[in-house]
Amino acid sequence: MEYIQINDSNKDVILELFGKSLDADGFIIETKNKIRLICPHSNKYIRGNDFSILPNSATFVNNKPYCFAEHIVSHSK
C-alpha cells in the first residue's frame, strides 16, 4: 500500500479531487453544499491543516492517534 503525505504543496489538489475545499475558518467542507466534514472517530470538525484520508477509502479524519486506533479496531472485527 502506498501512502501520500498531505502537505501545503498538494493539499488543495487532494481536496479538489475529493470534491472538498476549505471554509473561511479553515475547516474542510463539501464544495457543493458547504457542509463541514466531521471526523467519524473524534466527532469534531476537520481542520484543513491537520487531516488524513484513511487508506483504501475516502474517509477524512483528524490527525489524532485515537482516530487511527478507532479505525483499526473497527476494521479488525
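The legends below describe an overview and several close-up views of a predicted model.

**Figure 1. Overall fold of the predicted protein, which has two helices and four strands.** Followed along the sequence, these elements come in the pattern α-β-β-β-β-α. The C-alpha atoms fill a box of roughly 35 × 25 × 20 Å, taken along the principal axes. For 77 residues, a compact globule would have a radius of gyration near 11 Å, and the protein, with 12 Å, agrees with that expectation. Of the 77 residues in the protein, 29% are buried.

**Figure 2. Close-up of the aromatic cluster formed by Phe18, Phe51 and Phe60.** The structure holds three aromatic pairs, and one of them joins Phe18 and Phe60 in an edge-to-face arrangement, with 5.4 Å from centre to centre and 90° between the planes. Phe18 belongs to the loop between helix H1 (11–17) and strand S1 (20–22), whereas Phe60 belongs to strand S4 (residues 60–62), so the pair ties together parts that are 42 residues apart in sequence. Phe18 is partly exposed, having a relative accessible area of 33%, while Phe60 counts as buried at 4% relative accessibility. The rings of Phe51 and Phe60 have their centres 5.6 Å apart and their planes at 20°, and because planes under 30 degrees apart count as stacked, this pair is described as stacked. Both Phe51 and Phe60 are buried.

**Figure 3. Close-up of a nonpolar surface patch made up of Val13, Leu17 and Phe18.** Together these residues have about 300 Å² of accessible area. Val13 lies in helix H1 and counts as partly exposed, at 49% relative accessibility. Phe18, which also takes part in the aromatic cluster with Phe51 and Phe60, is partly exposed as well, with a relative accessible area of 33%.

**Figure 4. Close-up of the salt bridge between Lys20 and Glu30.** The structure contains four salt bridges, and in the one between Lys20 and Glu30 the closest N and O atoms are 2.9 Å apart. This pair links distant parts of the chain, since Lys20 is in strand S1 and Glu30 in strand S2, 10 residues apart. Lys20 is buried, with a relative accessible area of 13%, whereas Glu30 is partly exposed, with a relative accessible area of 26%.

**Figure 5. Close-up of Arg36, which joins Asp23 and Asp25 in one network of salt bridges that share partners.** In the salt bridge between Arg36 and Asp23, the closest N and O atoms are 2.7 Å apart. Here Arg36 lies in the loop between S2 and S3 and Asp23 in the loop between S1 and S2, and the two residues are 13 residues apart. Arg36 also forms a salt bridge with Asp25, whose closest N and O atoms are 2.8 Å apart. Asp25 lies in the loop between S1 and S2, so its pairing with Arg36 ties together parts that are 11 residues apart in sequence. Arg36 itself is partly exposed, with a relative accessible area of 24%, and its charged end sits over the ring of Tyr45, at 5.1 Å from the ring centre.

Figure 6. Gly48 counts as buried, at 3% relative accessibility. The C-alpha atoms of Gly48 and Leu22 are separated by 6.5 Å, although these residues are 26 residues apart along the chain.

Technical notes
Residues are numbered from 1 along each chain as its sequence is written. This is a predicted model: local features need pLDDT of at least 70, side-chain atom pairs count only at pLDDT 80 or more; totals for chains, interfaces and linings use all residues. Side-chain values use heavy atoms; hydrogens and water are left out. Rings of Phe, Tyr and Trp (its six-membered ring) pair if their centres lie within 6.5 Å; planes under 30 degrees apart count as stacked, over 60 as edge-to-face and the rest as tilted. Buried means under 20% relative accessible area, exposed over 50%, partly exposed in between (1.4 Å probe, protein chains only). A charge sits over a ring if NZ of Lys or CZ of Arg is within 6 Å of the ring centre and within 35 degrees of the ring normal. Patches are made of residues with over 30% relative accessible area and no salt bridge: like charges are joined within 9 Å, nonpolar side chains (Val, Leu, Ile, Met, Phe, Trp, Tyr) within 5 Å. Accessible areas come from the Shrake-Rupley method with a 1.4 Å probe; for residues, only the protein chains shown count as cover. A salt bridge is a side-chain nitrogen of Lys or Arg within 4 Å of a carboxyl oxygen of Asp or Glu. The radius of gyration is taken over C-alpha atoms; the globule rule is 2.2 Å times the number of residues to the power 0.38.
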